[in-house]
Amino acid sequence: MMEMSKKKAPSEDTAVAPERPVAQRMLTTEYKLRILKDLETARSSGQWGAVAAIIRREGLQRSQVAAWERQRDQALEPQKRGRKKTRSPEADELARLQRENERLQAKLAKAEMIIDVQKKLSVLLGVELPTSSDGDEKP
């Protein structure tokens, strides 16, 4: 018969205490702007490694700083008011023309119905209508 081994719980002296997660820093806008200003000064100084030294000193990642720069640049751009355009001007023009086409087709249907009623009324009253000058008559 196969013997099953019993697993023992690790002794307390060898057990590893779970690490607490590091709290995420909340950086203020003033701090971010100060760091960006320091980085711009370091870049303009031309001193080799100045930017990296600031990033290391503050314990930041380059991707964080790049995101801050994008946010700053977007905030400085003039914002357009109103809804954002989701369609192209060609699509807008196409939709406008389709609406106009539907409206004109409905108007044409009404006019044709009126003409048919006038023809039937003239037959009932015995009044002869003048023939059309374009030569296109419906039977």
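Trainee: Which residues are buried in α3?

Mentor: In this predicted model, the buried residues of α3 are Val65, Trp68 and Glu69. They lie on the same side of α3, because they cover an arc of only 100 degrees around the axis.

Trainee: Why would residues three or four places apart point the same way?

Mentor: An α-helix has 3.6 residues a turn, so residues at that spacing point the same way.

Trainee: What covers the buried residues of α3?

Mentor: The cover includes α1 and α2.

Trainee: And which exposed residues sit on the face of α3 turned away from the buried side?

Mentor: That face carries Ser63 and Arg70, both of which are exposed.

Trainee: How many residues does α3 have, and what does it span?

Mentor: Helix α3 has 15 residues, and the distance from its first C-alpha to its last is 21 Å. That is close to the 21 Å expected at 1.5 Å a residue.

Trainee: Let us step back. How many helices and strands does the protein have?

Mentor: There are four helices and zero strands. Read from the N terminus, the order of elements is α-α-α-α.

Trainee: What share of the protein is buried?

Mentor: Of the 139 residues in the protein, 11% are buried.

Trainee: What about contacts between residues at least 6 apart in sequence: what percentage join residues at least 24 apart?

Mentor: The figure is 50% of those contacts.

Trainee: Now α1. Which of its residues are buried?

Mentor: Tyr31, Ile35, Leu36, Leu39 and Ala42 are the buried residues of α1. Because they cover an arc of only 130 degrees around the axis, they are on the same side of α1.

Trainee: Which exposed residues are on the face turned away from that side?

Mentor: On that face of α1 you will find Thr29, Glu30, Lys37 and Ser44, which are exposed. The buried residues of α1, by contrast, have a cover that includes α2 (50-58) and α3 (62-76).

Trainee: Where does α1 run, and what follows it?

Mentor: Helix α1 takes in residues 29-45, which is 17 residues, and reaches 24 Å between its first and last C-alpha atoms. The expected value at 1.5 Å a residue is also 24 Å. After α1 comes Gly46, which has a positive phi, near 80 degrees.

Trainee: At what angle do the axes of α1 and α3 cross?

Mentor: They cross at roughly 100 degrees, and the axes come within 11 Å. An angle from 65 to 115 degrees counts as roughly perpendicular, and α1 and α3 are therefore roughly perpendicular to each other.

Trainee: Which residues meet there?

Mentor: From α1, the residues are Tyr31, Lys32, Ile35, Leu36, Leu39, Glu40 and Arg43. From α3, they are Arg62, Val65, Trp68, Glu69, Gln71 and Arg72.

Trainee: Could you say more about Arg62? What does it touch?

Mentor: Leaving aside residues up to four places away in sequence, Arg62 touches Arg43, Ile55 and Glu69. Arg62 is found in helix α3. Its C-alpha lies 8.7 Å from that of Ala52, which is ten residues away along the chain.

Trainee: Which residue does Arg62 meet in a salt bridge?

Mentor: The partner is Glu69, with an N to O distance of 3.8 Å between the side chains. Arg62 counts as partly exposed because its relative accessibility is 42%. Glu69 has a relative accessibility of 13%, so it counts as buried.

Trainee: How many salt bridges does the structure hold?

Mentor: It holds nine salt bridges. One of them joins Arg72 and Asp73, whose closest N and O atoms are 3.6 Å apart. Arg72 is partly exposed at 25% relative accessibility, and Asp73 is partly exposed as well, at 38%.

Trainee: What about Glu100: which residue is its partner?

Mentor: Glu100 pairs with Arg96, and their closest N and O atoms are 3.4 Å apart. The two residues are four apart in helix α4 (residues 89-125), so about one helical turn separates them. Glu100 is partly exposed with a relative accessible area of 31%, and Arg96 is partly exposed at 37%.

Trainee: Finally, which residues are linked in a network of salt bridges?

Mentor: The network links Arg34, Asp38, Arg57 and Glu58.

Notes:
Residues numbered from 1 in each chain as written. Predicted model: local features only at pLDDT ≥ 70, side-chain atom pairs only at ≥ 80, totals over all residues. Heavy atoms only, no water. Expected span 1.5 Å × (residues − 1). Buried < 20%, exposed > 50% of the residue type's maximum accessible area, 1.4 Å probe, protein only. Arc of directions from axis to C-beta. Contact = heavy atoms within 4.5 Å. Salt bridge = Lys/Arg side-chain N within 4 Å of Asp/Glu carboxyl O. Axes fitted to C-alpha atoms, helices over the stretch in contact; angles between N-to-C directions. Parallel < 35°, antiparallel > 145°, perpendicular 65-115°, else oblique.
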